[in-house]
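Work through the exercises below with the sequence and the structure at hand, and try each task before reading its solution.

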Amino acid sequence: MPSLDILGDDLKVALPSGELVRFAHLDYAASAPCVRAAADAVQDLLPRYGSVHRGTGVRSRGSTLAYELARDVVAEFVGARPGDAVIFTRNTTDALNLLARALPPGTTTIQFEGEHHANLLPWPNPLRLPLPASSGDAVTALRQACEGLDGPAVLTVTGASNVTGEVWPVRELAEVARAHGVRVIVDAAQLAPHAPVRLDDLGADYLAFSGHKLYAPFGAGVLAGRSDWLDAAEPYLAGGGASAVVGDRPGDLTWATGPARHEGGTPNLPGAVALAAVCEALDAADRAALHAHEQELLAGLRDGLAGLPGATEVSVFGPDHPRVGIVSLALADHDPAAVARRLDAEHGIGVRAGQFCAHPLVRRLTRDGRAGSCGDGPPGLLRISFGLGSTAEDTDRLLDGLRAVLGT
C-alpha cells in the first residue's frame with residue numbers, strides 16, 4: 001500500500017535553551033508536508049521522464065502514459081462522471097481562474113463573503129451574499145438569490161473554511177442551486193485533505209483542489225467537472241498542446257478539445273504523478289479512522305483552549321458545527337504574528353498568523369461578535385491546523401506554549 005508517512009516528520013529544531021525538539025508543524029492548512037507515496041512516485045519517474053504528448057521515444061511514450069494514468073487516478077478520486085474533464089493546473093487558484101474564464105458570457109456568480117480569495121476574486125458578475133449565521137440561513141439566502149436570477153448562473157462555495165475549519169452545507173446548497181438551474185462549483189482545497197470529495201456526493205458540477213495542501217509538492221492542482229463549457233471556451237493558455245492545427249495566417253487554427261485545450265505548454269508531469277500517488281494512497285487508506293483521529297485531536301485542542309483566557313475561537317456557524325482540523329483564535333491583548341513568532345522560536349511550533357487570504361471573512365469575524373470578547377483585538381487571527389502527522393503531543397506542546405506566551 002502506498003505510504004502516507006510524512007517526510008521530515010522527525011525534523012529537529014533547537015530551542016533557546018539549546019534543547020533539540022521535534023518540530024511541531026501545525027500549519028497544514030497553508031501547506032501540508034510531502035508524504036512518502038508522492039516522493040516515491042516522483043523518484044521512480046525521474047530516471048526515465050521526458051516530454052508528454054510530444055515524442056515517440058521511450059521516455060516520451062512512458063511519460064505520456066504516466067501523465068494520463070495520473071489523470072485517471074485523480075478522476076477516480078473525485079468520482080468523475082462520463083463526459084467530465086480532469087484538467088491539471090498549478091493550484092486551486094489557477095483552477096478557479098481557468099473556470100472563471102470559461103463561463104458563458106453574462107453568467108452570474110453567486111458567492112458568500114466567507115470565501116478564500118481564490119474563490120472570491122476571479123469571478124465575473126459576482127453576486128456576493130452576506131455571511132450567514134447558520135447552515136439554514138445559508139440555504140435560505142441562496143434560495144432567495146436564485147429566485148431573482150435571469151440568465152446562466154453558478155454558485156461557487158468552499159467545502160471547508162480555511163479560517164474556521166467549518167464544513168459548509170455544500171450538498172444542501174447544491175440541491176437549491178440545481179432546482180433553479182444553477183451549476184455548483186466547490187473549492188475543495190481544505191476539504192480534500194480531510195474527507196472524501198466526490199462530485200456527485202457533493203452535488204457539484206465542478207471541483208478544484210491543490211496538491212500542496214494534499215501532501216504533494218507545490219505546483220500541481222486539479223479542476224474536474226462538466227466539459228461542455230470548458231470545450232466551448234477559448235483556451236486558458238494559448239500555445240503548444242492547446243492547439244490541434246495551426247495554419248499559415250493569423251487566426252487560422254483549430255484548438256484541441258478535452259483537457260489538452262486548457263493545458264497549454266509542457267505540463268508538470270512530476271506534479272501530476274505525485275498528486276495522483278497521494279490520491280491513490282488516500283483512497284486505499286481508512287478515511288474513517290483518519291477522521292476519527294483528527295476529531296480526537298481537535299476536541300483535545302478545543303478543550304484546552306476553552307480554559308485559556310484572552311484567546312477566543314472564531315466561528316461562522318457556532319461551536320457545535322462540524323469542522324475539519326482547523327481552529328483560529330482571536331487574541332485580546334496580543335499581536336497574533338508576534339505570538340506565532342514566539343511559538344516558533346521558543347517552543348519549536350509552527351502555526352499561522354494573519355488573515356489567511358480571506359480578508360472579508362476575518363474582518364467580519366473580528367468585528368461582529370463572532371470572536372466573542374476578543375472582537376476588538378488586533379487585526380488578524382492565530383490559526384492552528386492539523387494533518388496526517390499531527391499528534392496529541394503536538395497539541396499539548398501548543399497549549400503549554402500558548403500559556404507561556406500569553407502569560408496565563
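A salt bridge is a side-chain nitrogen of Lys or Arg within 4 Å of a carboxyl oxygen of Asp or Glu. This is a predicted model, in which local features need pLDDT of at least 70 and side-chain atom pairs count only at pLDDT 80 or more, while totals for chains, interfaces and linings use all residues. Residues are numbered from 1 along each chain as its sequence is written, and side-chain values use heavy atoms, with hydrogens and water left out.

**Exercise 1.** Which side chain meets Glu 346 in a salt bridge?

*Solution.* Begin with the pair itself: Glu 346 meets Arg 342 in a salt bridge, at 2.9 Å from N to O.

**Exercise 2.** Is Asp 94 buried or exposed?

*Solution.* First recall the cut-offs: buried means under 20% relative accessible area, exposed over 50%, and partly exposed in between, with a 1.4 Å probe and protein chains only. Asp 94 therefore counts as buried, because its relative accessibility is 8%. Then turn to Arg 90, whose side chain forms a salt bridge with that of Asp 94 (3.7 Å, N to O): Arg 90 has a relative accessible area of 55% and is exposed.

**Exercise 3.** How many salt bridges does a search of the whole structure find?

*Solution.* The search finds 23 salt bridges. Another example is the pair Glu 175 and Arg 171, with the closest N and O atoms 3.7 Å apart.
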